[in-house]
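Hi everyone, thanks for coming. Let me put my protein up on the screen, and then we can walk through it together.

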Amino acid sequence: MTRAPANLLAVRSLLLAHLDVDPKTVRAADLEPAEVGIVGDASHRGGYHCGSDRVVTNDYSVVESSRDRTGLTLDAAALDVGGFEVRSGGRTHTLATFSAWCVGQCAANAADTRDIREIIYSLDGKTVKRWDRLGKRSTGDDSHRWHTHFSFFRDAVKAGRDQRPLFRRYLSSIGLLEDDDMTPEEHNWLATVHKNLTVLDGRNPIGQVYLRLAEGRDDTGAPVTGHPNLKSLGLQLTALQTTLNALSGRDFTDEPAIVQGVLAGLTPEKIAAAIPATMAKQVADELARRLVA
């Protein structure tokens, strides 16, 4: 039976906690629990609201991306958000402004949007649009005139990665949630590092290691528990950012030069401090193998 995964339930709880009706406040939010859905109803077949028991032949939510094929489980990988209206910071915020903000963040490739495959939405309640990371589609059915649909790559759901940061940023941006301990400059830094590391990822082991570190994952893709927060990690990897910025305009086909350039800006102490214990043995074994060779 298709399940609602914990990481998407956490996003649902976050939105309802700040956008649901609260008679004790002067806000006019009216997002109801029934309007924030994850698992499709019993007749639903195919798509990201379905787990492996309900997908269909050539289901687009499985076959169009390797991230979905490898991540397919009984978990649904979608979230619907219904209409709301809330007054905060001297402005009125609605489902349309929320959708426009989220799409803008995805289009800008913000670091905390990398696990979102698509957003289906309407800005005027008439025309349905779709932002698709894979560029496959640009619209959706009419039901999305009154709700916004988020699809998440299934491997992110399977790995249990926290999907709340984007939605926390939205709530912070409209004044309904205190910002986290990262400054705007640090958010921009994270986005820059994530972009550069993505360029390196798959080209050499060092790029893969640091990409996983930036996302808080170990070598299996699972979240690293007890790992320092991103602000602390940013302090440890400042030298890496500088080096990667210098490399951003270069031809990345020269893999040995890339590795040498990255390592040149780091001391052994900084490298060791940045590697989680769950990954340290893997790195040590690889280094030992190379020294023997």
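Let's begin at Tyr170. This is a predicted model, by the way, so please keep that in mind as we go. Is Tyr170 buried or exposed? Its relative accessibility is 2%, and buried means under 20%, so Tyr170 counts as buried.

Now look for Phe98. Phe98 has 1% relative accessibility, so this residue counts as buried too. How are the rings of Phe98 and Tyr170 arranged? Their centres are 4.9 Å apart and their planes sit at 70°, so we call the pair edge-to-face. Here is the part I enjoy: Phe98 belongs to helix 4, while Tyr170 belongs to helix 6, which covers residues 164-173, so this pair ties together parts that are 72 residues apart in sequence.

Phe98 has another partner to show you. By the ring-centre rule, the count for this model comes to seven aromatic pairs. One of them joins Phe98 to Phe150, with 5.8 Å from centre to centre and 55° between the planes, and that pair is tilted. Where do these two residues lie? Phe98 is in helix 4, residues 95-107, and Phe150 is in strand 7, residues 147-152, so the pair links parts 52 residues apart in sequence. Phe150 has a relative accessibility of 0%, so Phe150 counts as buried.

If you step back from the individual pairs, you can find one aromatic cluster formed by Phe84, Phe98, Trp101, Phe150, Phe167 and Tyr170.

Next, the cysteines. How many disulfides are there? The count comes to zero. Take Cys106: the nearest cysteine sulfur belongs to Cys102 and is 6.9 Å away, and Cys106 is in no disulfide. For a disulfide, the two sulfur atoms would have to be within 2.5 Å. Cys106 is buried, with a relative accessible area of 2%, and Cys50 is buried as well, at 0%.

Finally, let's zoom out to the whole chain. The protein chain contains 13 helices and seven strands. Of its 293 residues, 42% count as buried. Among contacts with a separation of 6 or more, 63% are between residues 24 or more positions apart. As for the surface, the chain exposes about 14,600 Å², and carbon and sulfur atoms supply 54% of that area.

Definitions and conventions
Residues are numbered from 1 along each chain as its sequence is written. This is a predicted model: local features need pLDDT of at least 70, side-chain atom pairs count only at pLDDT 80 or more; totals for chains, interfaces and linings use all residues. Side-chain values use heavy atoms; hydrogens and water are left out. Rings of Phe, Tyr and Trp (its six-membered ring) pair if their centres lie within 6.5 Å; planes under 30 degrees apart count as stacked, over 60 as edge-to-face and the rest as tilted. Helices (H or I, at least four residues) and strands (E, at least two) are DSSP runs, numbered from the N terminus. Buried means under 20% relative accessible area, exposed over 50%, partly exposed in between (1.4 Å probe, protein chains only). Contact means heavy atoms within 4.5 Å. Accessible areas come from the Shrake-Rupley method with a 1.4 Å probe; for residues, only the protein chains shown count as cover.
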